[in-house]
Amino acid sequence: MEHLLSEVAGVSVAALAERYGTPFFAYDRAVIEQRIADLAGFETVRFAQKACSNIAILALMRSHGIVVDAVSAGEIYRALRAGYSPAGHPPGIVYTADVFDDDALALIAEHGVPVNCGSPDMLEQLADAAPEVPVTLRINPGFGHGHSRKTNTGGPLSKHGIWHEQLEDCLARGKALGLNISGLHLHIGSGTDFEHLATVCDAMVGFARRMGGQLETISAGGGLPIPYHRTDSRIDLNAYRELWARAQRAIEDIIGHPVALEIEPGRYLVAESGILAARIRAVKEQANNTFYLVDAGFETLVRPAMYGSFHEISVVRTDGSVPAREVDAVVGGPLCESGDVFTQEEGGVVVTRRLPEARVGDLLLIHDAGAYGASMSSNYNTRPLAAELLVANGQADVIRERQTFDHILQFERIPAALQA
Ligand code: LLP
């Protein structure tokens with residue numbers, strides 16, 4: 001049971017729960033810094049902030065020289081608030097999306113944010129709003145890969161990217177519009193394997209050959225996996241880097257000048273730093289099954305309900321000890337939905353998990369919740385967004401306070417005719 005957690009960065013989770021209440025996300029700053037250090041051999045690391053977009057996390061990334069990706073106007077706004085500037089080589093912020101909205105175009109024009117276009121229609125819209133910003137093209141190479149069907153981002157049924165056959169057309173359109181198209185981007189999904197990656201690298205070389213001398217930057221997108229199961233091995237970063245370095249060299253040979261290489265990980269940088277801590281509020285037996293019901297559900301961490309994703313789970317007593325006996329249990333949340341279960345597989349199949357025997361009042365810790373946890377939370381069932389804590393050197397800082405009911409309701413209005 002040595003994989004079970006009871007602390008974050010040396011601080012007892014029971015003490016954090018006592019002080020801040022539950023549920024909360026707690027991120028271990030040293031783990032994020034270790035993951036940043038792992039990637040030191042890459043020329044440019046662009047954090048896909050959708051994984052964990054708290055401005056404190058962005059400020060931490062910035063302090064280590066990591067640049068950032070934004071997929072919405074709100075994420076551009078966050079990056080600016082965290083002190084990023086879109087200027088520079090590589091640019092501090094890049095907007096990557098398949099569509100603009102009015103807010104995004106306004107921020108891009110005001111701050112000169114470079115754009116990675118995932119749809120041909122974006123070219124005209126950008127030329128109208130901000131013709132001077134650097135442009136890259138996100139290509140859908142016609143195939144994809146992902147840890148679940150919902151994270152596969154390439155192929156004929158994916159909404160993402162510019163269809164590979166339209167590359168020349170988009171380059172011509174860009175030229176006619178006076179845009180400066182200088183890069184190519186391929187993100188084909190999360191959870192990459194190496195055989196597949198070699199195919200992706202070859203596809204990039206082929207696109208670069210078709211684009212020619214105007215190419216200055218290539219981006220490998222995100223998708224670096226992490227070991228969600230304690231039996232998973234870590235990705236071989238050297239092999240990953242070497243495959244892309246080889247593609248980069250091949251491209252430089254073809255076009256005759258250097259090109260910059262970016263990677264765009266989200267999960268890799270933050271997933272393992274975070275736990276979601278919730279309190280067990282009911283332990284019940286139904287037929288032969290034991291259920292632990294906790295005070296956080298898929299409104300707080302949606303990955304199991306949405307993708308059938310697996311997260312390791314720990315149980316810890318309020319005195320910080322770990323129960324010795326184990327039982328098979330189903331872990332569910334408080335939502336009024338039968339799918340509000342953390343122990344489920346893809347397709348919604350509920351399964352049991354071998355876990356320490358818990359009592360009401362114990363804490364349940366969901367591991368590797370630093371990526372796509374808080375950033376995908378909602379207010380479903382009118383449940384406040386959980387607090388977020390950043391823990392380092394034996395001290396926790398609140399980086400997002402738990403929402404209040406008044407926060408949730410602040411923009412709702414009852415029309416005069418309906419007022420009592
Ligand atoms: N770049 C682009 C263009 C992306 O669309 C994504 C993820 C990333 C980078 C970062 O991928 P990562 O390195 O984190 O795998 N919510 C899902 C994952 C969906 C990711 C969507 N795009 C999850 O919880 O696994």
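1. Ile-76 is found in helix H4 of this predicted model. Its relative accessibility is 0%, and Ile-76 therefore counts as buried, the limit for that class being under 20%. Leaving aside neighbours within four places in sequence, Ile-76 is in contact with Ala-70, Ile-93, Tyr-95, Leu-107, Ile-108 and Val-113.

2. In one of them, Tyr-95 and Phe-100 are stacked, with 5.6 Å from centre to centre and 15° between the planes. The term stacked applies because planes under 30 degrees apart are classed in that way. Both partners are buried: Tyr-95 has a relative accessible area of 2%, and Phe-100 has a relative accessibility of 11%.

3. A further stacked pair is formed by Phe-298 and Tyr-380, with a centre-to-centre distance of 5.8 Å and an angle of 15° between the planes. Phe-298 lies in the loop between strand E14 (289–294) and helix H11 (303–307), while Tyr-380 lies in the loop between strand E20 (363–366) and strand E21 (387–392), so the pair ties together parts that are 82 residues apart in sequence. With regard to accessibility, Phe-298 is buried, at a relative accessible area of 18%, whereas Tyr-380 is partly exposed, at 34%.

4. The loop between E20 and E21 also holds Tyr-372. This residue deserves a separate remark on its backbone. Most residues other than glycine have a negative phi. Tyr-372, although it is not a glycine, has a positive phi of about 60°. Its relative accessible area is 16%, and Tyr-372 is therefore buried.

5. A positive phi is also found at Ala-9, again not a glycine, where the value is about 50°. Ala-9 lies in the loop between strand E1 (7–8) and strand E2 (11–12). Is Ala-9 buried or partly exposed? With a relative accessible area of 25%, Ala-9 is partly exposed, whereas Tyr-372 is buried.

6. Most peptide bonds are trans. A cis peptide bond, however, joins Thr-22 and Pro-23, with omega at about -5°. Pro-23 lies in the loop between helix H1 (13–20) and strand E3 (24–28). His-89 and Pro-90 are likewise joined by a cis peptide bond, with omega at about -5°. The loop that holds Pro-90 runs between helix H4 (73–81) and strand E6 (93–97); helix H4 is the helix in which Ile-76 is found.

7. The remaining points concern the packing of helices. Two packed helices are described by the angle between their axes and the distance between the axes. Helix H2 (residues 29–38) and helix H3 (residues 55–63) pack at an angle of about 40°, with their axes 11 Å apart. H2 and H3 are therefore oblique to each other. The crossing in which H2 passes H3 is right-handed. On the H2 side, the contact is made by Arg-29, Ile-32, Glu-33 and Ile-36, and on the H3 side by Ile-57, Leu-60 and Met-61. By class, these residues divide into 5 nonpolar, no polar and 2 charged.

8. Helix H6 (residues 121–129) and helix H7 (residues 167–177) form another such contact: their axes come within 10 Å and cross at roughly 15°. H6 and H7 are therefore roughly parallel to each other, since angles under 35 degrees fall in that class. H6 passes H7 in a right-handed crossing. Which residues meet where H6 and H7 are in contact? From H6 these are Asp-121, Leu-123, Glu-124 and Ala-127, and from H7 they are Cys-170, Arg-173, Gly-174 and Leu-177. The contact of H6 with H7 has 4 nonpolar, 1 polar and 3 charged residues.

Definitions and conventions. Residues are numbered from 1 along each chain as its sequence is written. This is a predicted model: local features need pLDDT of at least 70, side-chain atom pairs count only at pLDDT 80 or more; totals for chains, interfaces and linings use all residues. Side-chain values use heavy atoms; hydrogens and water are left out. Axes are lines fitted to C-alpha atoms, for helices over the stretch in contact, and angles run from 0 to 180 degrees between N-to-C directions. Helices (H or I, at least four residues) and strands (E, at least two) are DSSP runs, numbered from the N terminus. Angles under 35 degrees count as roughly parallel, over 145 as roughly antiparallel, 65 to 115 as roughly perpendicular and the rest as oblique. A crossing is left-handed if the near helix is turned anticlockwise from the far one by less than a right angle, and right-handed if clockwise. Contact means heavy atoms within 4.5 Å. Ala, Val, Leu, Ile, Met, Phe, Trp, Tyr, Cys and Pro count as nonpolar, Asp, Glu, Lys and Arg as charged, and the others, Gly among them, as polar. Rings of Phe, Tyr and Trp (its six-membered ring) pair if their centres lie within 6.5 Å; planes under 30 degrees apart count as stacked, over 60 as edge-to-face and the rest as tilted. Buried means under 20% relative accessible area, exposed over 50%, partly exposed in between (1.4 Å probe, protein chains only).
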